[in-house]
Amino acid sequence: MNVYHFKKGTEICNYSYSSNILSIRLNRQRLVVCLEESIYIHNIKDMKLLKTILDTPPNTTGLCALSINHANSYLAYPGSATSGEIALYDGNTLKTACSIPAHDGPLAALTFNSTGSKLASASEKGTVIRVFSIPGGQKLYEFRRGMKRYVNISSLVFSMDSQFLCASSNTETVHIFKLEHLTDSRPEEPPTWSGYMGKMFQAATNYLPAQVSGMMSQDRAFATVRLNISGQRNICALSTIQKLPRLLVTTSDGHLYIYNLDPQDGGECVLIKNHSLLGSGKMEENKENDLQPPVPQSYAATVARQSTVPSTSTMPGYSEDGGALRGEVIPEHEFATGPVCLDDENEFPPIILCRGGQPGKAKRS
């Protein structure tokens with residue numbers, strides 16, 4: 001693993017591990033390196049090894065989630081290889097917080113909200129998505145993505161205000177769920193035929209098997225997106241652009257789709273722009289459906305602009321004050337020697353560039 005400082009463009013340190021690095025997560029407090037059967041937790045300030053979680057259940061995909069809120073540096077990872085148990089670990093106190101029996105089948109996706117107060121999960125079936133309170137682990141919401149077919153959840157993400165949760169898979173449909181509770185203090189509905197039928201339907205669930213009544217009480221998607229492709233891996237993000245909620249979908253074939261999300265009525269999201277990330281950088285606009293003022297050219301330029309991170313060919317080499325020796329394997333339960341300290345809270349955290357290699361080696365990116 002090579003750790004670089006984004007602003008300074010310098011290498012901070014270089015670590016090797018006993019097996020392949022499957023995933024890396026970080027916030028302004030902790031850096032987490034996930035291997036198949038162990039997890040390493042580093043202090044982001046000086047990159048010292050704080051804790052090694054050994055003998056974790058086999059985690060071949062490197063599934064784990066770390067809260068981006070450094071005040072709540074909670075880490076979530078599979079607590080079982082055969083069931084949907086979530087192990088919750090406090091990265092600040094370096095102690096186990098709790099274990100959450102989230103699903104019957106193995107986990108496929110985990111994500112925290114921006115404050116680290118909620119955790120969403122999905123199993124390999126991909127039909128039900130659940131949201132839990134953190135650190136208590138109580139179930140807050142349960143959403144049903146679908147019943148007809150099992151899917152592979154590829155992206156699970158909260159909006160920054162935690163009002164929405166987006167889930168995408170290898171199908172053509174992206175689901176957006178709204179996190180809201182219906183209270184019993186709502187005004188009484190007028191006595192209509194549909195109202196009576198709704199109450200009868202609700203009462204009938206009390207006499208049905210728990211599995212069936214639970215399925216009927218699960219909330220459905222608040223909004224959806226129909227992609228023109230299926231079977232491809234994609235990553236989603238819920239963002240606010242020009243003070244309006246947008247859904248961004250990036251597909252593995254190199255396209256970025258931007259949709260308008262109606263925060264009040266939901267429904268089918270409207271495609272606004274389609275940008276080819278691998279082509280000439282031309283932005284295609286759906287002017288007919290774009291109800292908002294044209295986006296300034298600066299926004300398109302920002303989306304199409306290439307990264308300014310220095311290439312590895314021009315990246316300054318290893319610094320002697322960067323910490324552990326190049327290629328050094330971190331001893332388990334021991335601290336790494338003192339690397340560069342990041343004392344300025346206004347600095348960006350380091351950027352990690354990593355790709356898989358042979359066991360015991362970390363390839364330089």
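This is a predicted model: local features need pLDDT of at least 70, side-chain atom pairs count only at pLDDT 80 or more; totals for chains, interfaces and linings use all residues.
What does Gln138 touch, once its neighbours within four places in sequence are left aside? Its contacts are Val131, Phe132 and Ser133. With Ser133 there is also a polar contact between the two side chains, at 2.6 Å. Lys118 is 20 residues away from Gln138 in sequence, and the C-alpha to C-alpha distance is 9.7 Å.

Next, the sheet. Five strands make up an open sheet with mixed pairing, in the order β15-β16-β17-β18-β22. The edges are β15 (153-158) and β22 (267-268); each has a single partner strand, so one side of each has no neighbour in the sheet. For β15, five bridges link it to β16, residues 164-169, in the antiparallel sense. Within that pair, Leu156 sits opposite Ala167 of β16. As a general point, side chains in a regular strand alternate between the two faces of the sheet.

Last, a hairpin. Strands β5 and β6 form it, with five residues between them. β5 covers residues 38-43 and β6 covers residues 49-54; the two run antiparallel and are joined by five bridges. Ser38 has Leu54 in β6 as its bridge partner. In the turn, Met47 has a positive phi of about 65 degrees.

Methods: Residues are numbered from 1 along each chain as its sequence is written. Side-chain values use heavy atoms; hydrogens and water are left out. Two strands pair if DSSP finds at least two bridges between them. Helices (H or I, at least four residues) and strands (E, at least two) are DSSP runs, numbered from the N terminus. Contact means heavy atoms within 4.5 Å. A polar contact is a pair of N or O atoms within 3.5 Å; within protein, one must be able to donate a hydrogen and the other to accept it, and residues adjacent in sequence count only if both atoms are side-chain atoms.
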